[in-house]
Amino acid sequence: MTSDQKVHSFEEVSKHNQTKDCWLILSGKVYDVTSFMDDHPGGDEVLLSSTGKDATTDFEDVGHSDSAKEMMEKYYIGEIDPATVPLKRKYIPPQQAQYNSDKTPEFVIKILQYLVPLLILGLAFAVRHYTKKEE
């Protein structure tokens with residue numbers, strides 16, 4: 001790796017998202033992995049799914065070997081301009097329904113779900129008992 005490597009913009013790197021032209025961003029560095037697409041143990045789909053974003057987390061989560069990390073050096077083509085990388089989206093939790101302090105309707109439904117089958121069963125036994133022929 002030489003010190004005069006090119007600094008790439010995020011937009012430029014994002015354009016390289018095809019099997020025949022694939023660049024990845026890992027830890028602020030840009031790698032042209034096009035020639036490695038066919039040889040990647042996880043297949044080219046794994047690499048393509050990591051294009052257009054900072055793939056550092058994806059790479060680290062897999063737990064690559066030291067030899068895999070050393071192999072990356074030959075694909076290194078420069079640095080990413082951090083000013084061009086979009087900010088990570090802040091997680092916004094989904095809106096929750098308002099707390100219902102009056103649980104009566106829910107309670108009634110649960111009681112009915114229990115009582116109605118029991119009433120049907122009791123009615124069936126009563127009908128059978130009273131309609132049974134005496135021998």
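How do the residues of the lining of the largest pocket divide into nonpolar, polar and charged? In this predicted model, that lining consists of 15 nonpolar residues, five polar residues and one charged residue.

**Largest pocket**
- The volume of the largest pocket is about 420 Å³.
- Its lining comprises 21 residues, of which Phe36, His40, Leu47, Phe59 and His64 are the closest to the centre.
- Two or more lining residues come from each of strand S3 (21–26), helix H2 (44–48), helix H3 (56–62) and helix H4 (66–71).
- Helix H3 makes the greatest contribution to this lining, giving three residues.

**Second largest pocket**
- The second largest pocket has a volume of about 280 Å³.
- Eleven residues line the second largest pocket, and those closest to its centre are Lys53, Asp54, Val85, Pro86 and Lys88.
- By class, the lining of the second largest pocket holds four nonpolar, three polar and four charged residues.

- His16 is located in the loop that runs between helix H1 (10–14) and strand S2 (17–18).
- The relative accessible area of His16 is 16%, and this residue therefore counts as buried, the limit being under 20%.
- The side chains of His16 and Asp21 are joined by a polar contact of 2.6 Å.
- Leaving aside residues up to four places away in sequence, His16 touches Asp21, Cys22, Trp23 and Thr51.

Terms used
Residues numbered from 1 in each chain as written. Predicted model: local features only at pLDDT ≥ 70, side-chain atom pairs only at ≥ 80, totals over all residues. Heavy atoms only, no water. 1 Å grid on protein atoms, 1.4 Å probe; cavity = no way out; pocket = protein on both sides within 12 Å on 5 of 7 lines; lining within 4 Å. Points joined across faces, edges and corners; volume = space filled by probe spheres on them. Helix = DSSP H or I, 4+ residues; strand = E, 2+ residues; numbered from the N terminus. Nonpolar A, V, L, I, M, F, W, Y, C, P; charged D, E, K, R; others polar. Buried < 20%, exposed > 50% of the residue type's maximum accessible area, 1.4 Å probe, protein only. Polar contact = N/O pair within 3.5 Å; in protein donor to acceptor, adjacent residues only side chain to side chain. Contact = heavy atoms within 4.5 Å.
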